[in-house]
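New notebook page, new structure. I want to jot down what I look up as I go, one topic at a time.

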Amino acid sequence: MPIPVTKHPVRVRVAPSPTGDPHVGTAYIGLFNLAFARSHGGQFVLRIEDTDQKRSTRQSEEAIYKSLRWAGLQWDEGPDIGGPRGPYRQSERSDIYRQHTQLLLDSGDAYRCFCTAERMDKVREEQRARKETARYDGFCRHLSPEESDARAVAEPHVIRLKFPQGGETVVPDALRGAVVYDNSQIDDQVLMKSDGLPTYHLANVVDDHLMAITHVIRAEEWLNSTPKHLALYAAFGWEPPVFAHMPLLRNADKSKISKRKNPTSLEYYQRAGVLPEALLNFLGLMGYSRKDAAGQDVEKFTLDEFIADLDLARISLGGPVFDLQKLDWLNGLYLRAMTPEQLADRVTAFHREDDRHAAAGHLVQERVTSLGDYFDHAGTFFRGAVEYGLTARYFLVGASSRKKTAVRLDRPQSLRFFERAIAVLEEQAAWTPEFIETRLRDICTEANVAVGDGFMAVRVACLGRPTSPPLFESLQVLGRALTLSRLRHVAGLLADAQFLQRALADVEAEVAAARAALQPPTPTPEASHA
RNA sequence: GCCCCGUUCGUCUAGCGGUCAGGACGCGGCCCUCUCAAGGCUGAAACAGGAGUUCAAUUCUCCUACGGGGCACCA
């Protein structure tokens, strides 16, 4: 089934929400959107969905630009570069949403809802008690226009879509055909929040239309809300775009990819020395595959080749597990394909453009004995995961203490200690040594362990060694993305009850092998007879 | 709980009624080799289960199971 392309030019978009780190899922969806646009001579738009005032930050927005550019996903129109259909930041489009909401109010396709949060909670509770689907009960749906207008003056309210009751809605999905929904399953979605800002559903439909988006290629998590979007297009009298819902990237346990179980921040990959072309190549293998003219599977390809080949209809819908091992292999393939000069240039550029060196130099200066010695001390700042051998024993918080009275945590307690550390360091705050130190001290106190012991556990987890420059400055240099990924990695290791035993067994095996190598060779029977 | 989507080696996938079910990562073995990688060769490894349609089902239909997603004044 070919993807319908009736309108020209093709216009697609990626619409991240600037809440937290730039996400690898954004790059994944961005890649397919960009490639689709390019392969049809169309445009790729970046829109910032910052209607959640509480969580959106400008800092996160900047990080998204930086990371998407790094990855090589350059947009044709966006908040930072403008374009004919702007503004591209939803927080700057409030008037547009207000006008369109008024249109729906006037036409009777939307209505004001004065229900309080308390009432909504109660309704939901009752529905749950009766084992019904929790949905809005339509309490305000039939208020008279007069009452609605009168109360609107003083009472806080939201505006809801009057979703058709009865019948069904068919979502034509370009990847899976017609998906049918019973309208009774769908409730009256809030379109405008009481703060006067639109919800995703309204903003997304209005913007997609005004920005002349022809194909909405987005993650599968949106499939179930598409009937509401279709209802909005209908209420406005607009022609809906073509929808294609991509499978969700998964963790190893098949759940939706999450930072708990995978590095999801694009900054992580950049700072871990992953080549952007390798990352895109890898993402292009998720749910998709290609063959060469001879029918052989092709694993390695450039963005241009991906674009030339792209056929959305070939996307496989099973959720692909994001496998770092294969990414590593691909990255190595790219590195090996370079000439030595190219490799040197890339390494040099990677380091020259990296802000870690200025601070790392400061930390390492007192410890280096030569220029070449530098990376012995600073190398850990420029890698992804670190390997732990015998040092894994420090993960049992307290294992480093020489004081007999010191508290030592067992494995589950240590795991909780690390989880706590992750939680406090995740907090949206400036990534400074002061912030890190304060938070880590707090959790040591909470856990009732000596700060030296707690810090040692974190040091080994994040830097790989029990000796390092001052911890907090080091973590600052390492950066939030790498620090958290290493802490999460260790938490994952600690979650395995057998991990430490296995690490110990590995070490013992190594020692045994070394010992065996030291033994004089036993004379062979032949030798002794001779 | 309700709704929706999905299900081929551990993982990414090819397959679109008749195949020894192919490739890739990872894993094992062998070769190459001063080490380690890389590279070459090679091995183990999958159609979730059950009905039906058909001369023939991995492929089509239905049911079940399992996985995922959604059911917010978050996106």
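Which element gives the most to the surface near RNA strand B? I checked, and it is helix H11, with four residues. One thing to keep in mind from here on: I am working with a predicted model.

**Entry: around the RNA**

I listed the elements that each supply at least two residues of the surface near RNA strand B, and got strand S4 (158-161), strand S6 (177-182) and helix H11 (324-337). Then I sorted the residues of that surface by kind: 18 are nonpolar, 13 polar and 19 charged. Of the 50 residues around RNA strand B, the ones that come nearest are Lys 193, Asn 224, Gly 287, Lys 291 and Asp 297.

Which part of the RNA is within 4 Å of the protein, I wondered: sugar or phosphate, or bases? Of the atoms of RNA strand B at that range, 77% belong to sugar or phosphate, and bases account for the rest.

- With Tyr 181, an N or O atom of the side chain is 3.1 Å from a sugar or linking oxygen.

**Entry: helix H16**

Which residues of H16 are buried? I found Pro 433, Phe 435, Ile 436, Leu 440, Ile 443 and Cys 444. They cover an arc of only 165 degrees around the axis, so they sit on the same side of H16. I turned to the other side of H16 and found Glu 434, Thr 445 and Glu 446 exposed there.

What do the buried residues of H16 pack against? I wrote down helix H15 (411-426), helix H17 (451-463), helix H18 (471-478) and helix H19 (480-495). Just after H16, I also spotted Asn 448 with a positive phi of about 60 degrees.

**Entry: Thr 391**

Last, I looked up a loop residue. Thr 391 is in the loop between helix H14 (374-378) and H15. Is Thr 391 buried or exposed? Its relative accessibility is 17%, and the cut-off for buried is under 20%, so Thr 391 counts as buried. Leaving out residues up to four places away in sequence, I see Thr 391 touching Val 460, Gly 464 and Pro 466.

Methods
Residues are numbered from 1 along each chain as its sequence is written. Chains are lettered from A and ligands numbered from 1 in the order in which they are written. This is a predicted model: local features need pLDDT of at least 70, side-chain atom pairs count only at pLDDT 80 or more; totals for chains, interfaces and linings use all residues. Side-chain values use heavy atoms; hydrogens and water are left out. A residue is near a molecule or strand if one of its heavy atoms lies within 4 Å of it. A polar contact is a pair of N or O atoms within 3.5 Å; within protein, one must be able to donate a hydrogen and the other to accept it, and residues adjacent in sequence count only if both atoms are side-chain atoms. Ala, Val, Leu, Ile, Met, Phe, Trp, Tyr, Cys and Pro count as nonpolar, Asp, Glu, Lys and Arg as charged, and the others, Gly among them, as polar. Buried means under 20% relative accessible area, exposed over 50%, partly exposed in between (1.4 Å probe, protein chains only). The arc is that of the directions from the helix axis to the C-beta atoms. Contact means heavy atoms within 4.5 Å.
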